[in-house]
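Subject: Structure for you to look at

Hello,

Here is the structure I said I would pass on. Please open it first, then read my notes below.

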Amino acid sequence: MKIILDGFMGSGKTTIGQLLATELQLSFWDLDHLISATAQKSISAIFQDSGEKYFRSLETKALKEVLPKNGVLALGGGTSSLQENRQLLQKDSASVILLEAQNTTLWQRINATATRPLAKSQAQITALKRQRQAYYEQMADLIITTDHCFPKQVVQQIKNTL
Ligand code: S3P
(Lines give C-alpha, C1' and ligand atoms only; values in the text may rest on other atoms or scores of the structure.)
Protein backbone atom coordinates (compact mmCIF):
# COMPACT_ATOMS: atom_id res chain seq x y z
CA MET A 1 0.00 0.00 0.00
CA LYS A 2 1.17 3.52 -0.72
CA ILE A 3 -0.18 6.78 0.68
CA ILE A 4 1.21 10.18 -0.26
CA LEU A 5 0.79 13.23 1.97
CA ASP A 6 0.88 16.65 0.34
CA GLY A 7 0.35 20.16 1.70
CA PHE A 8 2.01 23.43 2.53
CA MET A 9 4.91 23.69 4.98
CA GLY A 10 3.51 23.26 8.49
CA SER A 11 0.43 21.31 7.39
CA GLY A 12 1.65 18.27 9.34
CA LYS A 13 2.88 15.95 6.58
CA THR A 14 5.84 14.61 8.55
CA THR A 15 4.11 14.29 11.93
CA ILE A 16 0.97 12.70 10.52
CA GLY A 17 2.95 10.58 8.07
CA GLN A 18 5.15 9.06 10.78
CA LEU A 19 2.18 8.28 12.99
CA LEU A 20 0.11 6.86 10.14
CA ALA A 21 2.98 4.67 8.98
CA THR A 22 3.49 3.33 12.51
CA GLU A 23 -0.20 2.53 12.92
CA LEU A 24 -0.44 0.84 9.54
CA GLN A 25 2.92 -0.90 9.99
CA LEU A 26 4.25 0.64 6.79
CA SER A 27 7.59 2.27 6.01
CA PHE A 28 7.71 6.05 6.29
CA TRP A 29 9.50 8.14 3.67
CA ASP A 30 10.04 11.86 4.04
CA LEU A 31 11.19 13.55 0.84
CA ASP A 32 13.08 16.36 2.62
CA HIS A 33 14.83 13.83 4.81
CA LEU A 34 15.88 11.77 1.78
CA ILE A 35 17.21 14.89 0.01
CA SER A 36 19.07 16.01 3.08
CA ALA A 37 20.55 12.56 3.73
CA THR A 38 21.76 12.21 0.13
CA ALA A 39 23.25 15.72 0.02
CA GLN A 40 24.56 15.34 3.59
CA LYS A 41 23.32 18.86 4.29
CA SER A 42 20.26 20.45 5.86
CA ILE A 43 17.57 21.78 3.50
CA SER A 44 18.47 25.33 4.60
CA ALA A 45 22.15 24.73 3.75
CA ILE A 46 21.24 23.39 0.29
CA PHE A 47 19.18 26.52 -0.40
CA GLN A 48 21.90 28.77 0.96
CA ASP A 49 24.82 27.12 -0.86
CA SER A 50 23.23 26.17 -4.18
CA GLY A 51 19.84 27.92 -4.48
CA GLU A 52 16.26 26.78 -4.98
CA LYS A 53 16.70 25.52 -8.56
CA TYR A 54 19.34 23.05 -7.44
CA PHE A 55 17.19 22.01 -4.47
CA ARG A 56 14.29 21.34 -6.87
CA SER A 57 16.49 19.12 -9.04
CA LEU A 58 17.40 17.06 -5.97
CA GLU A 59 13.74 16.94 -4.98
CA THR A 60 12.65 15.53 -8.36
CA LYS A 61 15.49 12.99 -8.28
CA ALA A 62 14.48 11.86 -4.78
CA LEU A 63 10.83 11.65 -5.82
CA LYS A 64 11.70 9.40 -8.77
CA GLU A 65 13.68 7.12 -6.47
CA VAL A 66 11.09 6.84 -3.73
CA LEU A 67 7.87 6.62 -5.76
CA PRO A 68 8.23 2.90 -6.62
CA LYS A 69 8.43 2.03 -2.90
CA ASN A 70 5.50 1.09 -0.71
CA GLY A 71 4.69 2.97 2.49
CA VAL A 72 3.66 6.46 3.54
CA LEU A 73 5.44 9.28 1.71
CA ALA A 74 5.49 12.89 2.91
CA LEU A 75 6.21 15.29 0.05
CA GLY A 76 7.84 18.69 0.50
CA GLY A 77 5.49 21.67 0.47
CA GLY A 78 6.73 22.73 -2.96
CA THR A 79 6.96 19.31 -4.62
CA SER A 80 3.63 19.43 -6.43
CA SER A 81 4.21 22.96 -7.73
CA LEU A 82 6.58 21.56 -10.38
CA GLN A 83 4.96 20.16 -13.51
CA GLU A 84 7.46 17.30 -13.81
CA ASN A 85 6.68 16.20 -10.26
CA ARG A 86 2.94 16.44 -10.82
CA GLN A 87 3.28 14.19 -13.86
CA LEU A 88 5.27 11.65 -11.84
CA LEU A 89 2.63 11.71 -9.10
CA GLN A 90 -0.24 11.39 -11.55
CA LYS A 91 1.33 8.36 -13.22
CA ASP A 92 1.56 6.66 -9.83
CA SER A 93 -1.48 4.80 -8.51
CA ALA A 94 -1.10 5.96 -4.88
CA SER A 95 -3.74 8.08 -3.16
CA VAL A 96 -2.65 11.65 -2.52
CA ILE A 97 -3.99 13.16 0.68
CA LEU A 98 -3.82 16.94 1.00
CA LEU A 99 -3.40 18.24 4.54
CA GLU A 100 -4.89 21.72 4.82
CA ALA A 101 -4.58 24.38 7.50
CA GLN A 102 -5.27 28.09 7.75
CA ASN A 103 -2.37 30.45 7.09
CA THR A 104 -2.29 31.57 10.73
CA THR A 105 -1.98 27.94 11.87
CA LEU A 106 0.75 27.25 9.30
CA TRP A 107 2.67 30.31 10.42
CA GLN A 108 2.44 29.36 14.11
CA ARG A 109 3.83 25.90 13.32
CA ILE A 110 6.51 27.10 10.87
CA ASN A 111 7.65 30.01 13.01
CA ALA A 112 8.17 27.65 15.94
CA THR A 113 10.84 25.69 14.03
CA ALA A 114 12.39 28.46 11.84
CA THR A 115 13.87 25.91 9.43
CA ARG A 116 12.06 26.84 6.19
CA PRO A 117 14.03 29.11 3.81
CA LEU A 118 10.88 29.96 1.82
CA ALA A 119 8.64 30.86 4.76
CA LYS A 120 10.13 33.72 6.72
CA SER A 121 6.86 35.60 7.36
CA GLN A 122 3.13 35.06 7.32
CA ALA A 123 2.88 37.33 4.25
CA GLN A 124 5.30 35.06 2.38
CA ILE A 125 3.21 32.05 3.35
CA THR A 126 0.01 33.70 2.15
CA ALA A 127 1.54 34.62 -1.22
CA LEU A 128 3.18 31.24 -1.80
CA LYS A 129 0.12 29.27 -0.73
CA ARG A 130 -2.08 31.30 -3.07
CA GLN A 131 0.27 30.45 -5.97
CA ARG A 132 0.24 26.75 -5.12
CA GLN A 133 -3.30 26.08 -3.99
CA ALA A 134 -4.63 25.03 -7.41
CA TYR A 135 -1.80 22.50 -7.78
CA TYR A 136 -2.41 21.02 -4.34
CA GLU A 137 -6.09 20.61 -5.11
CA GLN A 138 -5.43 19.22 -8.59
CA MET A 139 -3.29 16.43 -7.13
CA ALA A 140 -5.49 15.55 -4.15
CA ASP A 141 -7.73 12.50 -3.90
CA LEU A 142 -8.75 13.54 -0.40
CA ILE A 143 -8.46 16.81 1.56
CA ILE A 144 -8.23 16.86 5.36
CA THR A 145 -8.17 20.00 7.49
CA THR A 146 -5.76 19.81 10.41
CA ASP A 147 -6.42 23.07 12.33
CA HIS A 148 -7.33 22.43 15.97
CA CYS A 149 -6.83 18.66 15.54
CA PHE A 150 -4.46 16.40 17.39
CA PRO A 151 -2.29 14.38 15.00
CA LYS A 152 -3.96 11.16 16.24
CA GLN A 153 -7.37 12.51 15.17
CA VAL A 154 -6.07 13.29 11.68
CA VAL A 155 -4.55 9.82 11.42
CA GLN A 156 -7.88 8.29 12.46
CA GLN A 157 -9.70 10.33 9.78
CA ILE A 158 -7.27 9.03 7.16
CA LYS A 159 -7.62 5.46 8.38
CA ASN A 160 -11.40 5.76 8.17
CA THR A 161 -11.11 6.43 4.45
CA LEU A 162 -8.85 3.47 3.64
C1 S3P B 1 9.46 23.77 0.74
C2 S3P B 1 8.98 22.96 1.74
C3 S3P B 1 9.86 22.24 2.64
C4 S3P B 1 11.21 21.96 1.96
C5 S3P B 1 11.80 23.22 1.44
C6 S3P B 1 10.89 23.90 0.41
C7 S3P B 1 8.49 24.52 -0.09
O8 S3P B 1 9.26 21.01 3.03
O9 S3P B 1 11.03 21.02 0.94
O10 S3P B 1 12.06 24.08 2.52
O11 S3P B 1 8.87 25.00 -1.18
O12 S3P B 1 7.30 24.62 0.32
P13 S3P B 1 8.13 20.88 4.19
O14 S3P B 1 6.82 21.15 3.53
O15 S3P B 1 8.25 19.47 4.63
O16 S3P B 1 8.48 21.85 5.25
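Which residues have the most contacts inside the largest nonpolar core? They are Ile-4, Leu-5, Leu-20, Leu-31, Leu-73 and Ile-97, in a core of 29 residues. A nonpolar core is a set of buried Ala, Val, Leu, Ile, Met, Phe, Trp, Tyr and Cys residues joined through C-beta atoms within 7 Å; a residue is buried if 20 or more other C-beta atoms lie within 10 Å of its own, exposed if 12 or fewer, and partly exposed in between, with C-beta atoms placed from the backbone. The largest share of this core, five residues, comes from helix H3. Apart from this core lies another, of eight residues, including Phe-8 and Ile-125.

Before you go on: this is a predicted model, in which local features need pLDDT of at least 70, side-chain atom pairs count only at pLDDT 80 or more, and totals for chains, interfaces and linings use all residues. Residues are numbered from 1 along each chain as its sequence is written.

UniProt, in an unreviewed entry, places a "binding site" at Thr-14; such annotations use the numbering here, have shortened feature names and may be inferred rather than shown by experiment. Thr-14 is found in helix H1, residues 13-24 (helices, H or I, have at least four residues and are DSSP runs, numbered from the N terminus). Thr-14 counts as partly exposed because it has 16 C-beta neighbours inside 10 Å.

Regards

How values were computed:
Helix = DSSP H or I, 4+ residues; strand = E, 2+ residues; numbered from the N terminus.
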